[in-house]
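Please have the model open while reading.

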Amino acid sequence: MKKLLLSLAALTAAMTSTAQKVLVLYYSETGTTKTVAQEIQKQLGADIEAVEAVEPYTGNFQETIQRGQREMQSGQMPALKPLTKKIVDYDVVFLGYPIWFGTYANPIATLVKEHDFAGKTVVPFCTFGSGGLNTSSAALAKALPKAKVVAGYGVRTARVAAAERELDRFLKENGYKKGTIEKLPDYSAQQPVTDAERQIFNAACSSYQFPLGTPQSAGKRTTPDGTDYKFTVKSRGMNGEEATSTIYVTVSNDSPDKPEFTEVVR
């Protein structure tokens, strides 16, 4: 019995010593990214800290755009208040931000320049008007060559209420949270868009403040929550040239008459 107790104690000690320490580190201007950060912290029981600019942004959309453009053009990113947590003490860092100009917000540019993420697993998470997870994740991987930047999570500001359920799946699927969850099916092959699918696309996207283009083809999958669509869309870029993007739309079982677009991948 004594040997058994010693073996159990050793096993417990080994498990404790290998447990990963997780930090949720985020910048939020309007509070939307903070909401997602707090949900991750709640589901994981992780430590959490906000990134704060010495000179705060106003939260006004136009003023933020103007200041952000000035900073990017001059190369002088915002100064940050010192962190109270030490990144070196953590194994996994969930790094959160709103999308500005197609990538992570300017305070995160300062953060990744001034702090050492070497050897850390960095999990991006972001909030956005239309998209930007893919572009910002790629930019983080380039800015942090000594870190392991892995697949992240993104949610439209208009859909932040869905974050709790979506994060539960994301965290379990990627092994950050205990529990099993049924794998979602793959999308069907792209086929020319039907009139019914075009109506779904228009209902989901027509109220967005900027034109998102015209759907050309669609694939779909059925999930426990409803039906998801993956549209290939033709549009015009800011330079006037034709561009192709992928737009994801979901139709939930609870609100079949209110399709929502979840992300634009350009």
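The charged end of R156 sits over the ring of F261, 3.7 Å from the ring centre; a charge counts as over a ring if NZ of Lys or CZ of Arg is within 6 Å of the ring centre and within 35 degrees of the ring normal. The model is predicted, with local features needing pLDDT of at least 70 and side-chain atom pairs pLDDT 80 or more, while totals for chains, interfaces and linings use all residues. Residues are numbered from 1 along each chain as its sequence is written, and side-chain values use heavy atoms, without hydrogens and water.

**Aromatic pairs**

- The structure holds 12 aromatic pairs; rings of Phe, Tyr and Trp (its six-membered ring) pair if their centres lie within 6.5 Å, and planes under 30 degrees apart are stacked, over 60 edge-to-face and the rest tilted.
- F170 and Y176 make a tilted pair, because their ring centres are 6.3 Å apart and their planes stand at 35°.
- F170 is buried at 9% relative accessible area, whereas Y176 is partly exposed at 24% (buried is under 20%, exposed over 50%, partly exposed in between, with a 1.4 Å probe and protein chains only).
- Y208 and F261 form an edge-to-face pair, 5.4 Å centre to centre with 90° between the planes.
- This pair links distant parts of the chain, 53 residues apart: Y208 is in the loop between α7 (195-205) and β9, and F261 is in strand β12. Helices (H or I, at least four residues) and strands (E, at least two) are DSSP runs, numbered from the N terminus.
- Both Y208 and F261 are buried.
- One aromatic cluster is formed by F94, Y153, F170 and Y176.

**Nonpolar core**

- The largest nonpolar core has 29 residues, of which L25, L95, I108, L111, F117 and L140 touch the most other members; a core is a set of buried Ala, Val, Leu, Ile, Met, Phe, Trp, Tyr and Cys residues joined through side-chain atoms within 4.5 Å.
- At least two residues of this core come from each of β1 (22-26), β3, α4 (106-114), β5 and α5.
- β3 gives the largest share, 5 residues.
- N106 is found in helix α4 and is buried, with a relative accessible area of 3%.

**Largest pocket**

- About 1400 Å³ of space lies in the largest pocket. A pocket is an open set of points on a 1 Å grid over the protein atoms alone where a 1.4 Å probe fits, with protein on both sides within 12 Å along at least five of seven lines, and lining residues have an atom within 4 Å of a point.
- Volume is the space filled by probe spheres set on the points, which are joined across faces, edges and corners.
- Its lining has 41 residues, with I99, G129, S130, Y208 and F210 nearest the centre.
- α3 supplies the largest share of that lining, 4 residues.
- The lining of the largest pocket has 14 nonpolar, 24 polar and 3 charged residues (Ala, Val, Leu, Ile, Met, Phe, Trp, Tyr, Cys and Pro are nonpolar, Asp, Glu, Lys and Arg charged, and the others, Gly among them, polar).

**Second largest pocket**

- The second largest pocket has a volume of about 1100 Å³.
- Of its 37 lining residues, E166, R169, L184, R221 and D228 lie nearest the centre.
- α6 gives the most to this lining, 6 residues.
- The lining of the second largest pocket divides into 15 nonpolar, 10 polar and 12 charged residues.
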